[in-house]
Amino acid sequence: MGEVIRWAAFSCVVVPLVLLWCGAPPAGAAGTALGLAAVTGTCRALLHRSEREALRRRGARHAPHRGRHHRTGTGVHRGGRHPGGATPVG
């Protein structure tokens, strides 16, 4: 996103200068600069919002499902270590 915004800001400077160089009235070049700056600011805000929403959705999709008592996974029990671990009782 940053590179796109930098190019847009660059165009906000270059386009009015080119218009002045081509003989456009200064008021027209200034109006063009203001219009480009407004469009650039709006696009920046929309891109930023879109990125935040994508991160939020990605985070919600990859977060593990937590049960009623906020324990992750299945078979999670309260308490400390259980003797024997995974060895069968027999």
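Modeller: Let us begin with surface patches, which are made of residues with over 30% relative accessible area and no salt bridge, where like charges are joined within 9 Å and nonpolar side chains (Val, Leu, Ile, Met, Phe, Trp, Tyr) within 5 Å. The areas themselves come from the Shrake-Rupley method with a 1.4 Å probe, and for residues only the protein chains shown count as cover. Here Met1, Val4 and Leu47 form a nonpolar patch on the surface, with about 240 Å² of accessible area together.

Biologist: What should I keep in mind about the origin of the model and its numbering?

Modeller: This is a predicted model, in which local features need pLDDT of at least 70 and side-chain atom pairs count only at pLDDT 80 or more, while totals for chains, interfaces and linings use all residues. Residues are numbered from 1 along each chain as its sequence is written, and side-chain values use heavy atoms, with hydrogens and water left out.

Biologist: How many helices and strands are there in the chain?

Modeller: Helices (H or I, at least four residues) and strands (E, at least two) are DSSP runs, numbered from the N terminus. By that reading the chain has two helices and zero strands.

Biologist: Which residues in H1 are buried?

Modeller: A residue is called buried under 20% relative accessible area, exposed over 50%, and partly exposed in between (1.4 Å probe, protein chains only). In H1 the buried residues are Ile5, Ala8, Cys12 and Pro16. For the whole chain, buried residues make up 7% of the 90 residues, and the accessible surface comes to about 7900 Å², of which 64% belongs to carbon and sulfur atoms. Leu47 counts as partly exposed because its relative accessibility is 34%.

Biologist: Where the chain carries charges, how many salt bridges does the structure hold?

Modeller: A salt bridge is a side-chain nitrogen of Lys or Arg within 4 Å of a carboxyl oxygen of Asp or Glu, and the structure holds two. In one of them the side chains of Arg56 and Glu53 meet at 2.5 Å, N to O; in another, Glu53 pairs with Arg57, the closest N and O atoms being 3.1 Å apart.

Biologist: Why are Arg56 and Glu53 separated by about one helical turn?

Modeller: Arg56 and Glu53 are separated by about one helical turn because they are three residues apart in helix H2, and Glu53 and Arg57, four residues apart in H2, are likewise separated by about one helical turn. Arg56 is exposed at a relative accessible area of 51% and Arg57 is exposed at 54%, while Glu53 is partly exposed at 30%.

Biologist: How should I describe an aromatic pair?

Modeller: A pair of aromatic rings is described by the distance of the centres and the angle of the planes. Rings of Phe, Tyr and Trp (its six-membered ring) pair if their centres lie within 6.5 Å, and planes under 30 degrees apart count as stacked, over 60 as edge-to-face and the rest as tilted. By this rule the count comes to one aromatic pair. Trp7 and Phe10 form that edge-to-face pair, at 5.6 Å centre to centre with 90° between the planes. Both residues lie in helix H1, three residues apart, about one turn of the helix.
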